Amino acid sequence: MKTFPLRIGTPDGLLFQDEVERVVVRSITGDLAILAGHCNFCTALGMGEAHVVLEDGTVKEAACIGGMLSVMNGTCRIMATTWEWKEDIDEARAESAKQRAEARLATKDLTEQEYKMAQAKLQRALVRLSVKK
Ligand code: ATP
């Protein structure tokens, strides 16, 4: 199968750079798969499960929490707010974040902003737990 160059960065630096067969991410309009030969393209990323298929067929799963994806002249670049490979996700931490977010959402006196922040935290935790399972 044809491959293409993929670079994944976060605000902490370059996380991944290699030839891959496919990358799948959650964009703001739904799941998106990029294969070799994709036209030039740019989209915002949502929060969701992601995976990369390496040249040897190995699948690397990850949690992607927002960012941007572009394809320019055959190279795919992902600049993620956070990108955590499955093996790097701390399940106990995600479970604890989930419980704290749920407890926060159950309180009655949240402002709209506090409610949105708690919802986003819950969603991040759910994505991490779902990648980890
Ligand atoms: P927490 O309350 O546990 O910090 P959070 O969803 O608020 O959860 P973020 O603000 O999304 O955390 O992330 C802050 C940093 O911590 C990022 O670098 C992120 O990659 C890392 N991080 C957060 N949760 C986990 C986790 N469960 N496992 C590994 N890294 C995590």
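Leu69 has Ile78 in strand 6 as its bridge partner, and that pairing is a handy way into this predicted model. Residues are counted from 1 along each chain as its sequence is written, and side-chain values rest on heavy atoms, with hydrogens and water left out. Because the model is predicted, local features need pLDDT of at least 70 and side-chain atom pairs count only at pLDDT 80 or more, while totals for chains, interfaces and linings use all residues.

Strand 6 (residues 75-80) pairs with strand 1 (residues 4-10) in the parallel sense over 4 bridges, and with strand 5 (residues 59-72) in the antiparallel sense over 6 bridges. Two strands are said to pair if DSSP finds at least two bridges between them. Strands 5 and 6 form a hairpin with 2 residues between the strands, and here Asn73 takes a positive phi near 50 degrees.

Zooming out, the protein has 2 helices and 7 strands; these are DSSP runs numbered from the N terminus, helices being H or I with at least four residues and strands E with at least two. Read along the sequence, the pattern goes β-β-β-β-β-β-β-α-α. The C-alpha trace spans about 55 × 25 × 25 Å along its principal axes.

Now for the ligand. Its shell consists of residues with a heavy atom within 4 Å of it, and Thr82, Ile89, Arg93 and Arg128 are among them. By class, the shell has 3 nonpolar, 1 polar and 8 charged residues. Here Ala, Val, Leu, Ile, Met, Phe, Trp, Tyr, Cys and Pro count as nonpolar, Asp, Glu, Lys and Arg as charged, and the others, Gly among them, as polar. Helix 1 (91-106) and helix 2 (112-132) each supply at least two shell residues, with helix 1 giving the most, 4 residues.

A polar side-chain atom of Glu84 lies 2.5 Å from a ligand oxygen, and a side-chain N or O atom of Lys121 is 2.6 Å from an oxygen of the ligand. Altogether, the protein covers 70% of the 590 Å² of accessible area that the ligand has on its own, as worked out by the Shrake-Rupley method with a 1.4 Å probe.

Definitions and conventions: Polar contact = N/O pair within 3.5 Å; in protein donor to acceptor, adjacent residues only side chain to side chain.
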